Amino acid sequence: MLRYYHEVGLLEPIDVDSDTGCRLYATEQIVTGQIIRRFRDLDMPLDDIHAVLDAADVETRNRVITKHLARLESNLARTRQAARSLRDLWGGPQASPTIHHRYIADTSAALITDIVDKGDTLNWFQGAIGELAATLTAQDITPVGPAGGVYESELFTEDRGRATIFYPCHSSPWPVGRVTIAVIPSAELATITHTGSHADCDRSYGALGAYVTRHALAVEGPIREYYLVGPAETPDESFWRTEIGWPIYETGQCGPTPV
């Protein structure tokens, strides 16, 4: 590692023996070597370590360290979420979720719509719903229901497609930034309520998709989501509840159906 750190200019020896290639370091470089080792143990990239060691002032150095700590915390949160998901899968069959059928009428809404990549959906969602909420608050408009999302099928089949986040409103807000006004069209939906993080929605999507396929109810149309309890209500993801709606052709009376 000392040879590598020398090659990349991170920790250069004061001398190198021309015969043996042995590197000689000054005693005052011990601290620098220990700092490098500690940061590497924390998976800090070499460029960031360079920036810390070369920082002209404490504020610059702390800015680089703080950014890396935030990255570690984000990775830790993702790891914990993945571990919980694996534990749930490993725990064996869960209780059968319940499917409902319901009709949604035309809804006037303030919305943001974009073409997004599937891998960016969560980040895009967080930004869009925050911008929508801020715009409505600034114009003193109170939504008449929970936030919702409309996701075109291409987002799932081709990993890129149109996504829309909306708040139903009786009053029409003044369009600002990405926020526009439109009517979310009516739909007949088979629905399932997902509890927990949005990152775990795939299991609920799978159960709902299997139900719709078995009953030959599916029709062309975008997937709906309604965020009954989400980040705006609580930061605790375990309390989040998301209703997922799959467009169907209703053939009987609406009611709860175990999967």
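Predicted model: local features only at pLDDT ≥ 70, side-chain atom pairs only at ≥ 80, totals over all residues.
Within H2, the residues Gln 29, Ile 36 and Phe 39 are buried. These three cover an arc of only 85° around the axis, which means that they sit on the same side of H2. An α-helix has 3.6 residues a turn, so residues three or four places apart point the same way. The other side of H2 carries Arg 37, Arg 38 and Asp 41, which are exposed. After H2 comes Asp 43, a residue whose phi is positive, near 60°.

Asp 140, which belongs to the loop between H5 and strand E5 (148-151), has a phi near 55°, a positive value in a residue other than glycine. Its relative accessibility is 72%, and since the cut-off for exposed is over 50%, Asp 140 counts as exposed. Asp 159 is placed in the loop between H6 and strand E6 (160-168) and, although it is not a glycine, has a positive phi of about 65°. At 44% relative accessibility, Asp 159 counts as partly exposed.

In sequence Ala 133 is 33 residues from Phe 166, while in space the C-alpha atoms of the two residues are 9.5 Å apart.

His 101 lies in strand E3 (residues 98-104) and, at 11% relative accessibility, counts as buried. Although His 101 and Ala 190 are 89 residues apart along the chain, their C-alpha atoms are separated by 4.5 Å. The side chain of His 101 is also joined to that of Tyr 211 by a polar contact of 2.7 Å. Thr 242, in strand E10, has a relative accessible area of 1% and is therefore buried. Its side chain makes a polar contact of 3.4 Å with the side chain of His 198.

Several of these elements meet again around an open space. Which elements give two or more residues to the lining of the second largest pocket? The pocket itself holds about 640 Å³ of space, and of the 26 residues that line it, the closest to its centre are Lys 118, Phe 156, Cys 201, Tyr 205 and Glu 225. The elements that supply two or more lining residues are helix H5 (121-138), helix H6 (154-157), helix H7 (201-214), strand E9 (223-229) and strand E10 (241-247). The largest share of the lining, four residues, comes from H7. By residue class, the lining of this pocket divides into 14 nonpolar, seven polar and five charged residues.

Conventions: Residues numbered from 1 in each chain as written. Heavy atoms only, no water. 1 Å grid on protein atoms, 1.4 Å probe; cavity = no way out; pocket = protein on both sides within 12 Å on 5 of 7 lines; lining within 4 Å. Points joined across faces, edges and corners; volume = space filled by probe spheres on them. Nonpolar A, V, L, I, M, F, W, Y, C, P; charged D, E, K, R; others polar. Buried < 20%, exposed > 50% of the residue type's maximum accessible area, 1.4 Å probe, protein only. Arc of directions from axis to C-beta. Polar contact = N/O pair within 3.5 Å; in protein donor to acceptor, adjacent residues only side chain to side chain.
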